[in-house]
Amino acid sequence: MQAVKDIDHYLAHDKLPHMWCPGCGLGSILKQLLLSLAELQIPREKAVLASGIGCSGRAGDYVSFHRFQGTHGRALAFATGIHLADPRLTVICLMGDGDCGAIGLSHLIHAARRNINITAIVANNLNYGMTGGQYSPSTPEGAITSTSRQGKVVNALDLCRLAADAGANYVARSTVYHIFEAQKMLQAALNTQGFALVEILTPCPTYFGRYNKLGSAVDMLEWLKKKTVPLDLFRKMNDEQQQEYFWRGVLAEQNTPDFLTRYRRKELVE
Ligand SMILES: Cc1ncc(C[n+]2csc(CCOP(=O)(O)OP(=O)(O)O)c2C)c(N)n1
Ligand code: SF4
């Protein structure tokens with residue numbers, strides 16, 4: 001188990017303190033990612049963090065290794081380019097649920113379909129944090145946001161199911177409350193040869209929490225604990241019960257050859 005001192009060299013100390021609100025879960029996600037890099041002994045010169053625009057996108061500011069912040073929704077497209085330019089790099093792509101599930105959705109489908117060797121992380125705070133708490137595709141039905149004052153009328157898009165159906169080699173979901181589980185998933189994702197997606201539900205007390213009267217940041221962590229159930233239990237629930245919960249666990253784990261492996265085989269044949 002890695003300690004905080006082991007991630008010191010991955011941090012851009014001159015950029016701290018960070019910009020995230022008190023109680024925001026994004027710092028915990030970044031910490032678990034850095035602990036995972038340390039655990040797997042991935043050196044700084046081999047790691048790249050690509051991110052988009054949003055509170056989550058700012059994570060790149062706080063790392064001392066290679067990072068690329070692209071335009072909103074295009075983080076996976078940039079990450080794909082970085083991976084193809086130098087496949088020796090460990091490419092990590094950190095996105096918000098808006099970034100990945102709305103404007104960038106087609107990139108997710110195609111990255112998973114190609115099984116491109118990238119570790120994608122969706123920090124799902126259930127809304128658009130940076131722009132004032134508008135609903136995103138993964139906001140639950142009925143939730144209050146700045147653009148759904150009477151409750152969101154459309155059901156939530158499950159990005160994990162989408163990525164698994166599209167062909168990703170590894171897909172898992174956890175929460176900032178279950179942070180050690182999340183870290184194990186991040187390590188499994190980093191060890192995956194092919195496309196890996198880890199969705200981490202994370203508190204945004206400033207907008208989602210406030211609009212939905214979920215209390216303090218600590219109350220929001222309790223809420224995440226209560227609102228999530230292991231995948232096997234979720235599968236036994238009826239439709240109505242499933243509407244009330246998020247599943248957590250590993251949805252897909254397989255060893256289909258990744259994009260570059262298949263591409264190189266084809267090159268040898270032709
Ligand atoms: C092309 C484009 N459209 C819209 C925006 C405005 N914008 C910036 S961040 C953002 C949403 C952020 O939400 P999310 O991706 O969920 O990240 P979070 O801030 O919640 O971490 C939007 C719509 C933009 N910067 N660029
Ligand atoms: S607005 Fe929400 S997601 Fe953004 S930093 Fe604040 S708490 Fe975090």
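Which helix gives the most to the shell around ligand 1? In this predicted model, that's helix 3, residues 97-103, which puts in 4 residues.

The shell holds 16 residues in total, and Cys55, Gly98, Asp99, Asn125 and Gly129 come nearest to the ligand. Sorted by class, the shell has 5 nonpolar, 9 polar and 2 charged residues.

| Residue | Part of the residue | Distance to an oxygen atom of ligand 1 |
|---|---|---|
| Ser56 | polar side-chain atom | 2.9 Å |
| Met130 | backbone N or O atom | 3.0 Å |
| Asp97 | side-chain N or O atom | 3.4 Å |

On its own, ligand 1 has 590 Å² of accessible area, and the protein covers 73% of that.

So much for the ligand; now the space around it. Ligand 1 takes up the second largest pocket, which has about 210 Å³ of space. Its lining counts 17 residues, with Ile53, Gly54, His72, Tyr128 and Gly129 closest to the centre. Helix 3 turns up here too, giving the most to this lining with 3 residues.

By class, the lining of the largest pocket comes to 15 nonpolar, 6 polar and 9 charged residues.

Definitions and conventions: Residues are numbered from 1 along each chain as its sequence is written. Chains are lettered from A and ligands numbered from 1 in the order in which they are written. This is a predicted model: local features need pLDDT of at least 70, side-chain atom pairs count only at pLDDT 80 or more; totals for chains, interfaces and linings use all residues. Side-chain values use heavy atoms; hydrogens and water are left out. A residue is near a molecule or strand if one of its heavy atoms lies within 4 Å of it. A polar contact is a pair of N or O atoms within 3.5 Å; within protein, one must be able to donate a hydrogen and the other to accept it, and residues adjacent in sequence count only if both atoms are side-chain atoms. Accessible areas come from the Shrake-Rupley method with a 1.4 Å probe; for residues, only the protein chains shown count as cover. On a 1 Å grid over the protein atoms alone, a cavity is a set of points where a 1.4 Å probe fits but cannot get out, and a pocket is an open set with protein on both sides within 12 Å along at least five of seven lines; lining residues have an atom within 4 Å of a point. A molecule sits in a cavity or pocket if more than half of its atoms lie within 2 Å of its grid points. Helices (H or I, at least four residues) and strands (E, at least two) are DSSP runs, numbered from the N terminus. Ala, Val, Leu, Ile, Met, Phe, Trp, Tyr, Cys and Pro count as nonpolar, Asp, Glu, Lys and Arg as charged, and the others, Gly among them, as polar. Grid points are joined across faces, edges and corners, and a volume is the space filled by probe spheres set on the points.
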